[in-house]
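Student: Pick one part of this model and give me a close look at it. Keep it brisk, and state your cut-offs as you go.

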Amino acid sequence: VVQLVESGGGSVQPGESLRLSCSVSGYPYPNYCLGWFRHAPGTEREGVATLYTGGSITDYADSAKGRFTISRDAAKSTVYLQMNSLKPEDTAMYFCAAGPKRAYDTYCVPEAARFDYWGRGTRVTVDS
């Protein structure tokens, strides 16, 4: 059984940082895509960052570039999302997801439909 469990959300002020963690277990293959997505009320679910475990290839949404960093500790089976310089528009529920990388993709495309397994999410609120 594949399980993903997020943690690390909270309430911060604009400009502050948070690090989200996602513990991953049970994925049946050694190399796969990990992604962070977010969903705020009234908006579409957005892919924030992805990482391919087979080479640590990463990809970021424009809104995340320069501020967010996705990384993985394979020994701990944990993927992280370091979020710096947080803005009120970063307020959302953040989800960790796992899925296969298509053979013809050179990176993990941050589209929700490509990810088969999801955590329950952790809430991030950025407000002064």
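**Salt bridges, then the sheet**

Tutor: R114 is buried, with a relative accessible area of 16%. Buried means under 20% relative accessible area, exposed over 50%, and partly exposed in between, with a 1.4 Å probe and protein chains only. This is a predicted model, where local features need pLDDT of at least 70, side-chain atom pairs count only at pLDDT 80 or more, and totals for chains, interfaces and linings use all residues. Residues are numbered from 1 along each chain as its sequence is written, and side-chain values use heavy atoms, leaving out hydrogens and water.

The partner of R114 is D105: they form a salt bridge, with the closest N and O atoms 2.4 Å apart. A salt bridge here is a side-chain nitrogen of Lys or Arg within 4 Å of a carboxyl oxygen of Asp or Glu. D105 counts as buried too, at 13% relative accessibility.

The whole structure holds 6 salt bridges. One of them joins R38 to E46, with 2.8 Å between the closest N and O atoms. R38 is buried at 7%, while E46 is partly exposed at 27%. Both belong to a network of salt bridges that also links R67 and D90. K65 pairs with D62, the closest N and O atoms being 3.2 Å apart. D62 is exposed, at 65%.

Now the sheet. Four strands form an open sheet in the order β1-β3-β8-β7, with antiparallel pairing. β1 (3–7) and β7 (68–73) are at the edges with a single partner strand each, so one side of each has no neighbour in the sheet. Neighbouring strands are turned by 15° against each other on average, direction ignored. Axes are lines fitted to C-alpha atoms, for helices over the stretch in contact, with angles from 0 to 180 degrees between N-to-C directions. Strands are DSSP runs of E, at least two residues, numbered from the N terminus. Two strands pair if DSSP finds at least two bridges between them.

β1 and β3 pair over 5 bridges. β3 (residues 18–25) and β8 (residues 78–83) are joined by 6. S21 can be followed across: S7 has S21 as its bridge partner in β3, and S21 has Y80 as its partner in β8.

In a regular strand the side chains alternate between the two faces of the sheet.
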